[in-house]
Amino acid sequence: MRLTRRTLLSAAGAATLPLPLVAHAQAAWPSRQIRLVVPFAPGGTTDLVARILANHLQEQLRQTVVVENRPGAGAALGSQLVADAAPDGYTLVVSNAASHAVAPALSRHVRYDPAHGFSHIALIATTSLAAVVTPQWEVTSIEDLLRVARVAPGGLDFAAAGVCTSGHLVGLRLAQRTGITLNHIPYRGSGPALNDLIAGNPRRMFDSLASSIGHLRSGSLRAIAVMERSRSTFLPDVPTIAEQGFPDLTSNSWFGISGPRGVPDATVARLNAEVRTALRNPDLRRRFRDLTADIPDTSPEEYAAFVDRERQIVADLVRTANITVPD
């Protein structure tokens, strides 16, 4: 081995440092680019939330945060990629209701444990779901939708952001609850589904307000129900699903940040602190509110407990209602 004067001096300098400082110098986080995986296609709610947060984290951490879209399998494909990644804090996922509650409950192909197979960092946003339709369609309420579905040959098609997503599940629940036939048309995210919906095929969709609110405000789409018990401050004139006689069909979407299981505690704590700092930023809060998102404030422990609770709620629902989806 050839030793240069610079190499010898560097080694001598490192040797004079206390061992903890040498380890810190070698393992300081973040020292390189961070990958934030979005398990949906570009343009949907999860993607928009991720990109807004990534921009702020990038400024705070002084490191590049790359948003990488990995859609497929109802958000399970991108989530599995992160579950299998090295637990070093450089590969993260936007964990969400679809990937960490719905998909594990409905699909036997999901290999990760949504509650314990990840290092959960923080809950970053929640947003309501809505039943949205094309404005040319004569349906203006859930009762109208049921009336049309009961006489439609073969039932009605409806879109959702993907298989096993919250929009897919609430459509299945409505069909099971009322005895109508609703045929799910899966998409690789809200963006592509909304494009087809605006074009008039299909004419109905269960979607997050975060991705559909702009189209609702412009009049290119119309909401016939918000899937909550209380009216949304963003759509105060739209009745809730509970008001229309189905309080058991309430549903919303949530989004958080998670890494592979085993991310060092110090890195989890740093990430949580940076995310919570970003969520207090006035610009981020304004942009999240533009997406109809409510902004929580959680510790890693609180978010981990939240994910476990949501997972169990959906699993119990799927089991008791005997909800299944084709493989």
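Start by selecting Trp254, Tyr303 and Phe306, which ring pairs join into a cluster. Rings of Phe, Tyr and Trp (its six-membered ring) pair if their centres lie within 6.5 Å; planes under 30 degrees apart are stacked, those over 60 are edge-to-face and the rest are tilted. The structure holds six aromatic pairs. In one of them, the centres of Trp254 and Tyr303 are 6.3 Å apart with planes at 80°, so this pair is edge-to-face. Colour by secondary structure here: Trp254 belongs to strand E9 and Tyr303 to helix H12 (residues 300–321), so the pair ties together parts 49 residues apart in sequence. Helices (H or I, at least four residues) and strands (E, at least two) are DSSP runs, numbered from the N terminus.

Now turn to the other partner. Trp254 and Phe306 are also edge-to-face, at 5.1 Å centre to centre and 85° between the planes. This pair again links E9 to H12, across 52 residues. (Buried means under 20% relative accessible area, exposed over 50%, and partly exposed in between, using a 1.4 Å probe and protein chains only.)

A word on what you are looking at: this is a predicted model, in which local features need pLDDT of at least 70, side-chain atom pairs count only at pLDDT 80 or more, and totals for chains, interfaces and linings use all residues. Residues are numbered from 1 along each chain as its sequence is written, and side-chain values use heavy atoms, with hydrogens and water left out.

Next, select strand E4 (118–133). 16 of its 16 residues are buried, so E4 is largely enclosed by the rest of the structure. Which strands does E4 pair with? With E9 it pairs in the antiparallel sense over nine bridges; with strand E7 (residues 204–208) it runs antiparallel over five bridges; and with E8 it runs antiparallel over four.

The buried ones are Ala76, Gly78, Ser79, Gln80, Val82 and Ala83. They pack against strand E1 (34–38), strand E3 (91–96), helix H5 (97–106), E4 and E9.

Then go to Thr250, in the loop between strand E8 (222–226) and strand E9 (252–260). Thr250 is partly exposed, with a relative accessible area of 24%. Leaving out residues up to four places away in sequence, Thr250 touches Arg173, Met227, Glu228, Arg229 and Ile241. (Contact means heavy atoms within 4.5 Å.)

Two arginines are worth a stop. Arg32 lies over the face of Tyr90, 3.8 Å from the ring centre, and Arg204 over the face of Trp137, at 4.2 Å. (A charge sits over a ring if NZ of Lys or CZ of Arg is within 6 Å of the ring centre and within 35 degrees of the ring normal.)

Finish by colouring by pLDDT, the predictor's confidence in each residue from 0 to 100. The chain mean is 89, and 91% of residues reach 70 or more. Residues 1–17 fall below 50, with three contacts beyond near neighbours in sequence. Residues 19–26 are also below 50, with two such contacts.

Conventions:
Two strands pair if DSSP finds at least two bridges between them.
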